[in-house]
Amino acid sequence: MTTEVTECAICLHEMERHEPSQTRLECNHKFHALCLRKHIQTASERGCPLCRKRIDRRIIQNNVYNCISNANTQQIRECLNSETEVRMIDPMWETTPLHIAASRGKLAIVIYLVEMGAVVNARAKMQHTPLYMAAMHGHRQVVEYLLSNGANPRLGRYEITPEMIARQQGHTRLADYLSTWQIMGGEGRPS
Ligand SMILES: [Zn+2]
Ligand SMILES: [Zn+2]
């Protein structure tokens, strides 16, 4: 058995045991998620920094989600810096970075992604939109921002609209707010 490496081979800093933002490759080597992201973007060869094994596309995308979940806005600006990256679709769930940021309630990142050209009404495998994710988790500010930027309040997960999921999750005021938008056809901010 090999001993677990506790240092990130890219930045040479210790990886805390509880550090949330780590990405483990198929070769079992692991790195800080953001360090790996930068490595993938800048290295001439997209292999594992330690053993050079080719990094699977799925892992590259997981790494992006890992970054969005744990990084701050400045770090996101550095790691998702083109429209192609912002619009990247997860092969398993067909979610985009905007789905993840909306679901985590990270408003500053949501704004950055939309400004960079993210598709506001992108639909994942279960048809859910970023607005649906924000509504489900009760992130009012993200919901407001998405609606003001063209999110369609009627698009939900199959028959379940963002309003319905918000209500189901106990976000009653948010559900009422969404319902006003639906009545207005999503064409303007309710007073
Ligand atoms: Zn590192
Ligand atoms: Zn490796």
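This is a short walk through one chain, from its overall build down to a single residue.

Hi everyone, thanks for coming. Before anything else, please keep in mind that what you have on screen is a predicted model.

Let's start with the whole chain. The C-alpha trace spans about 60 × 30 × 30 Å along its principal axes. In secondary structure, the chain has ten helices and two strands.

How much of the chain is buried? Of its 191 residues, 37% are buried. As for contacts, take those between residues at least 6 apart in sequence: 59% of them join residues at least 24 apart.

Now to the domains. The domain assignment gives domain 1, residues 1–71, and domain 2, residues 80–191. Their C-alpha centres lie 29 Å apart. Where the domains meet, seven residues of domain 1 are in contact with nine residues of domain 2. On the domain 1 side, that contact has three nonpolar, two polar and two charged residues.

Next, let's zoom in on a pair of helices. In general, two packed helices are described by the angle between their axes and the distance between the axes. Here the pair is H5, residues 97–104, and H6, residues 107–115. They pack at an angle of about 155°, with their axes 8 Å apart. The crossing of H5 past H6 is left-handed.

And which residues make that contact? From H5 we have Pro97, Leu98, Ala101 and Ala102, and they meet Ile109, Val110 and Leu113 of H6. By class, the contact holds seven nonpolar residues, with no polar and no charged ones.

Last stop: Thr180, which you will find in helix H10, residues 172–183. Is Thr180 buried, exposed or partly exposed? There are 13 other C-beta atoms within 10 Å of its own. Buried would need 20 or more, and exposed would be 12 or fewer, so Thr180 counts as partly exposed.

Methods. Residues are numbered from 1 along each chain as its sequence is written. Chains are lettered from A and ligands numbered from 1 in the order in which they are written. This is a predicted model: local features need pLDDT of at least 70, side-chain atom pairs count only at pLDDT 80 or more; totals for chains, interfaces and linings use all residues. Domain bounds come from an automatic or database domain assignment. Two residues are in contact if their C-beta atoms, placed from the backbone, lie within 7 Å. Ala, Val, Leu, Ile, Met, Phe, Trp, Tyr, Cys and Pro count as nonpolar, Asp, Glu, Lys and Arg as charged, and the others, Gly among them, as polar. Helices (H or I, at least four residues) and strands (E, at least two) are DSSP runs, numbered from the N terminus. Axes are lines fitted to C-alpha atoms, for helices over the stretch in contact, and angles run from 0 to 180 degrees between N-to-C directions. A crossing is left-handed if the near helix is turned anticlockwise from the far one by less than a right angle, and right-handed if clockwise.
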